[in-house]
Every structure is written in C-alpha cells, then in structure tokens.
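Reader: I am new to protein structures. Can you show me how to read one, feature by feature?

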Amino acid sequence: MSYTYILINFFTVIICFLASFDRRIQFNKHFGTFLLSSTIVAIPFILWDICFTRMGVWWFDLKYTLGFKIAGLPVEEWLFFYCIPFACVFTYYCFEKFYKLAWAEVFNNLIVFTSVIILAVAGLLFFNKIYTLLTVIVTILTLCYLHFIAKKGWIGKVSLVYLILMPGFFAVNGILTGSVIPSPVVNYNPEEFMGIRMITIPVEDAVYGYSQFLLNIYFFKKLNKNEK
C-alpha cells in the first residue's frame with residue numbers, strides 16, 4: 001500500500017520515457033529543456049500545494065506513500081509535478097510531430113472566450129471556495145496571457161491533446177481520489193471547492209491540470225525556440 005503513489009508516478013511516465021528514445025521521436029534530446037521548463041512551472045504550483053496543504057484545503061493519506069516529506073508534501077507529490085507534465089508534453093510533442101493539427105487553431109477564440117466566461121461565472125458564484133477561486137483566477141490569467149499578450153496560436157491544439165489525454169487523467173486522478181482503492185490518497189476539504197465531482201475527481205482538478213498543461217507547453221516551446 002505504501003507504494004501506491006510512487007507506482008502511479010512510475011506507470012504514468014515509464015512508457016513515455018522509453019518511447020522518447022525511439023529514433024522517429026527522439027524526445028530524449030529535449031530532456032534538458034523539459035526539466036528546465038517543467039521546473040519553472042512546478043515552482044508556483046508546488047508553493048500553491050504547500051500552502052493549501054498547510055491550510056487544510058487538501059491533505060494526503062500517508063499510508064499510500066513511502067513516508068518521506070519535503071516542506072509538508074510527500075516526495076511522491078513533488079515527483080507528480082514532473083511525471084505528469086512529462087507524459088503530457090511528450091504526448092503533445094508526438095501529436096504535433098506526426099499529425100497535422102493546424103485545423104484546431106481555428107477554435108482558439110472560441111476556446112478562450114468560452115472558457116473565460118464559464119470560469120468567471122464559477123468564480124463569482126463560488127468566490128468563498130478558495131480552491132475554486134484560485135483555480136479560476138490562474139486559468140483565466142493563463143488563457144488571457146497566452147491569447148492576448150503572447151498571441152500563441154496553438155491553444156486549440158493543446159486543448160485538443162488535453163481532451164485526448166482525459167482517459168489518462170481519469171485513471172491517475174481517479175486512483176488518487178479513491179475511485180479504485182479503499183480510501184483517497186488526496187483528500188479535499190468540502191468547504192473549499194464546489195463539490196462537483198467527476199466520479200471521485202473534483203472538477204477543479206481538470207481545470208487546474210489544464211492551466212498547468214498550457215504553461216508547460218508554453219515554456220517548453222519557448223526554451224526550445226531559444227535553443228534553436
């Protein structure tokens with residue numbers, strides 16, 4: 001049982017890691033770029049995680065971990081911010097390399113404006129729920145920056161790949177929130193989120209993951225461009 005969380009991280013990343021060395025993909029050449037870009041994104045999200053854990057917004061059942069903690073977080077949680085982004089960035093990299101996804105760019109405006117409106121309404125309705133409110137603010141700021149300031153045309157492509165990744169999201173987050181194990185690895189304070197769950201997963205988790213995915217792709221692309 002104590003290996004549950006570390007095995008979730010391992011099985012999330014292992015296939016993508018091995019496939020990275022395939023001569024048709026060669027994602028291994030970008031390991032350094034990925035580590036740097038994912039660290040840039042991980043820093044604020046880990047600080048968020050540490051604060052919310054201390055505030056009791058969520059907490060971890062340590063019987064599913066190895067028992068080692070850093071700044072109040074299980075070491076597996078720190079690895080989560082590298083393993084999950086690795087699988088996501090790798091998947092996006094492969095889709096962009098082997099498939100023509102330019103058609104998805106026509107949905108950029110629709111995705112951004114619809115998302116911002118829905119998120120803003122959720123934020124106003126549940127402003128007293130700190131997980132909901134902060135997730136809404138971060139995601140709105142991320143979308144607005146990428147679309148209106150950085151003027152990135154790939155939001156539609158990233159959103160499409162994120163939808164494709166949803167089965168993996170449900171598998172990983174489902175286990176963490178107790179879908180197929182006796183009790184959750186991650187427990188949420190019902191006073192701090194909307195209470196809407198997808199099976200056992202708070203809907204905020206999907207939005208949280210979306211903003212994290214967008215930022216990982218942004219910095220990965222930016223650093224790759226700088227290297228070239």
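Predicted model: local features only at pLDDT ≥ 70, side-chain atom pairs only at ≥ 80, totals over all residues.

Reader: Let us start with rings. How is a pair of aromatic rings described?

Author: Two things describe a pair of aromatic rings: the distance of the centres and the angle of the planes. Here the count comes to 33 aromatic pairs. Take tyrosine 145 and tyrosine 218. Their ring centres are 5.7 Å apart and their planes stand at 90°, so the pair is edge-to-face. The cut-off for that label is an angle over 60 degrees.

Reader: Where in the chain do tyrosine 145 and tyrosine 218 lie?

Author: Tyrosine 145 is in helix α5, residues 130-149, and tyrosine 218 is in helix α8, residues 203-227. The pair links distant parts of the chain, 73 residues apart.

Reader: Is tyrosine 218 buried or exposed?

Author: Buried means under 20% relative accessible area. Tyrosine 218 has 8%, so it counts as buried. Tyrosine 145 has 34% relative accessibility, so it is partly exposed.

Reader: Which residues do ring pairs link into a cluster?

Author: The cluster holds Phe17, Phe21, Phe27, Phe31, Phe34, Phe86, Phe90, Tyr93 and Phe220.

Reader: Now charges. What is the general idea?

Author: Side chains of opposite charge can pair when their charged atoms come close. How many salt bridges are there in this model? The count comes to five. One joins the side chains of aspartate 22 and arginine 24, at 2.9 Å from N to O. Aspartate 22 is partly exposed at 23% relative accessible area. Arginine 24, at 54%, is exposed.

Reader: Which residue forms a salt bridge with glutamate 96?

Author: Lysine 157 does, with the closest N and O atoms 3.0 Å apart. This pair links distant parts of the chain: glutamate 96 is in helix α3 and lysine 157 is in helix α6, residues 155-164, 61 residues apart. Glutamate 96 is partly exposed at 31% relative accessibility. Lysine 157 counts as buried, at 11%.

Reader: What about glutamate 105?

Author: Lysine 157 also forms a salt bridge with glutamate 105, where the closest N and O atoms are 3.6 Å apart. Glutamate 105 sits in the loop between α3 and α4, while lysine 157 is in helix α6, so the pair ties together parts 52 residues apart in sequence. Glu96, Glu105, Lys157 and Lys221 are linked in a network of salt bridges.

Reader: How do I read the surroundings of a single residue?

Author: Ask where the residue lies, how buried it is, and what it touches. Threonine 91 lies in helix α3, residues 75-98. Its relative accessibility is 15%, so threonine 91 counts as buried. A polar atom of its side chain lies 2.7 Å from the backbone oxygen of alanine 87. Leaving aside neighbours within four places in sequence, threonine 91 is in contact with Val161 and Leu165.

Reader: Last, the surface. Which residues form a nonpolar patch?

Author: Tyr3, Leu7, Phe10, Phe11, Leu66 and Phe68 do, with about 660 Å² of accessible area together. Leucine 66 lies in the loop between β1 and β2. At 35% relative accessibility, leucine 66 is partly exposed.

Methods:
Residues numbered from 1 in each chain as written. Heavy atoms only, no water. Phe/Tyr/Trp six-rings, centres within 6.5 Å; stacked < 30°, edge-to-face > 60°. Helix = DSSP H or I, 4+ residues; strand = E, 2+ residues; numbered from the N terminus. Buried < 20%, exposed > 50% of the residue type's maximum accessible area, 1.4 Å probe, protein only. Polar contact = N/O pair within 3.5 Å; in protein donor to acceptor, adjacent residues only side chain to side chain. Contact = heavy atoms within 4.5 Å. Patch = residues over 30% accessible without salt bridge, like charges linked within 9 Å, V, L, I, M, F, W, Y side chains within 5 Å. Areas by Shrake-Rupley, 256 points an atom, 1.4 Å probe, with all protein chains shown as cover. Salt bridge = Lys/Arg side-chain N within 4 Å of Asp/Glu carboxyl O.
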